[in-house]
Amino acid sequence: MAALVVGVSNALPAWAQGSFPDRPVKIVVPFAPGAGTDAMGRLMAQKLGEVMGGSFVVENRTGASGAIGTQYVAQQPADGYTLLLVASPFTTVAASLPTAGYDPLKSFTPVGMIASGPLVWATTPQTGIQSMQDLVAKAKAQPGALNYGSAGAGGVNHLVLELLKARTGTFITHIPYRGVAPATMDMISGQVQLVTGTIPALLPMIKDGRVKPLAVTSAKRSSVMPDVPSMTEAGFKGFDVQNFFALAAPAGTPAAVIEKLNTALNKVVALPEVQARFKVDAVEAMPGTPAAQTRFIEADYQAWRDVVRSQNLKID
């Protein structure tokens, strides 16, 4: 038996001997370069490399509202050398698209949460809509007359609208775009009347007066826009939607690798320069354990599945 134990020990992979990572680690961002998710992935890659003393590189694999890149990571070897930069579409797409091709609860092993922050409900001064209550009143008075532009069917920008419709019994026409930017440009030109987007994406147009914020999608205000009410203050108690970021590995990744990555990720999230970047991006750090990420993903996924079912959404 002693010889057998020695033989197995010598055959252990590098990560079991404490040398992980001994080659480049790939962080797959399932969205295009230049987007907020891509920026977060590159920030994490840079800082994880510094903290762990290895090389972390970003690879963009786009398509199907993030599903293409997510499927790719799920199919990679469970050795810690391919990670997924998780964002809100991870759960919304899985909840709403039968063809998503992955299970957010079974296809991945959580590494840890990174940060979260709200979207902002926005319109233009030309619509005359002054508040979320005003928006709902107009939607009830003229069902279907208001058009809402989202970043794509099944994404968080889409499902936050469906949640509002479900809570208020209203009908607002959903028009999917390939990103929030073109939807926002069409809103400014009058083609649609409403969008939601991240605060950094909309803030320049809010500041120059082209876009009017109605509320952030969270239960509390954002420190970046302290004058804009939360959904609770706007009269929608219990409405709390946040855009989030996390890291995940393929299911079955060894616990020793996950522990190393989680420890490093929590150190990265606590770095003063990272905290400063989060403030600019209007997100708050969410350090914690893989188990905490599991609970978060489970709750988020179930909540969006409930919305999809209540609204009887059929998305191809």
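Me: What volume does the second largest pocket have?

Reply: Keep in mind that this is a predicted model. Rolling a probe the size of a water molecule over the atoms shows where empty space is left. Here the second largest pocket comes out at about 330 Å³. Its lining comprises 17 residues, and D240, V241, Q242, D300 and A303 are the closest to its centre.

Me: Which elements each supply at least two residues of the lining of the second largest pocket?

Reply: They are α6, β9 and α11 (290-311). The greatest share comes from α11, which gives five residues. Sorted by class, the lining has nine nonpolar, five polar and three charged residues.

Me: What is the volume of the largest pocket, and which residues are the closest to its centre?

Reply: The volume of the largest pocket is about 1100 Å³. It is lined by 42 residues, with F31, A35, G36, T37 and A151 the closest to the centre. By class, 24 lining residues are nonpolar, 15 are polar and three are charged.

Me: Which element gives the most to the lining of the largest pocket?

Reply: That is α2, with five residues. Helix α2 spans 36-52, and among the other elements that each supply at least two lining residues are β4 (108-123), α6 (156-168), α7 (180-188) and β9 (242-250).

Me: Which residues is M132 in contact with, leaving aside its neighbours within four places in sequence?

Reply: M132 contacts W121, L164, L214, A215, M231, A234 and F236.

Me: Is L48 buried or exposed?

Reply: Under 20% relative accessible area is the cut-off for buried. L48 counts as buried because its relative accessibility is 0%. The residue sits in helix α2. Not counting residues up to four places away in sequence, L48 touches I27, G53, F56, L247, A264, L265 and V268.

Me: Next, aromatic rings. How many aromatic pairs does a search of the whole structure find?

Reply: The search finds six. One of them joins F90 and F108, with 5.4 Å centre to centre and 70° between the planes, an edge-to-face arrangement. F90 belongs to helix α4 (residues 89-96) and F108 to strand β4, so this pair ties together parts that are 18 residues apart in sequence.

Me: Why is the pair of Y102 and F108 edge-to-face?

Reply: Planes over 60 degrees apart count as edge-to-face. The planes of Y102 and F108 are at 80°, with ring centres 6.3 Å apart, so this pair is edge-to-face. F90, Y102 and F108 make up one aromatic cluster. As for accessibility, F90 is buried at 5%, F108 is buried at 7% and Y102 is buried at 10%.

Me: Last, the backbone. Where is the cis peptide bond?

Reply: Most residues other than glycine have a negative phi, and most peptide bonds are trans. The bond from F20 to P21 is cis, with omega near -5°. P21 lies in the loop between α1 (2-10) and β1 (25-29).

Me: What is the phi of A64, and what is that of S65?

Reply: A64 has a positive phi near 55° without being a glycine. S65, not a glycine either, has a positive phi of about 55°. A64 is found in the loop between β2 (56-60) and α3 (67-74), and S65 lies in the loop between β2 and α3. A64 is partly exposed because its relative accessible area is 44%. S65 counts as partly exposed at 29% relative accessibility.

Conventions. Residues numbered from 1 in each chain as written. Predicted model: local features only at pLDDT ≥ 70, side-chain atom pairs only at ≥ 80, totals over all residues. Heavy atoms only, no water. 1 Å grid on protein atoms, 1.4 Å probe; cavity = no way out; pocket = protein on both sides within 12 Å on 5 of 7 lines; lining within 4 Å. Points joined across faces, edges and corners; volume = space filled by probe spheres on them. Helix = DSSP H or I, 4+ residues; strand = E, 2+ residues; numbered from the N terminus. Nonpolar A, V, L, I, M, F, W, Y, C, P; charged D, E, K, R; others polar. Buried < 20%, exposed > 50% of the residue type's maximum accessible area, 1.4 Å probe, protein only. Contact = heavy atoms within 4.5 Å. Phe/Tyr/Trp six-rings, centres within 6.5 Å; stacked < 30°, edge-to-face > 60°.
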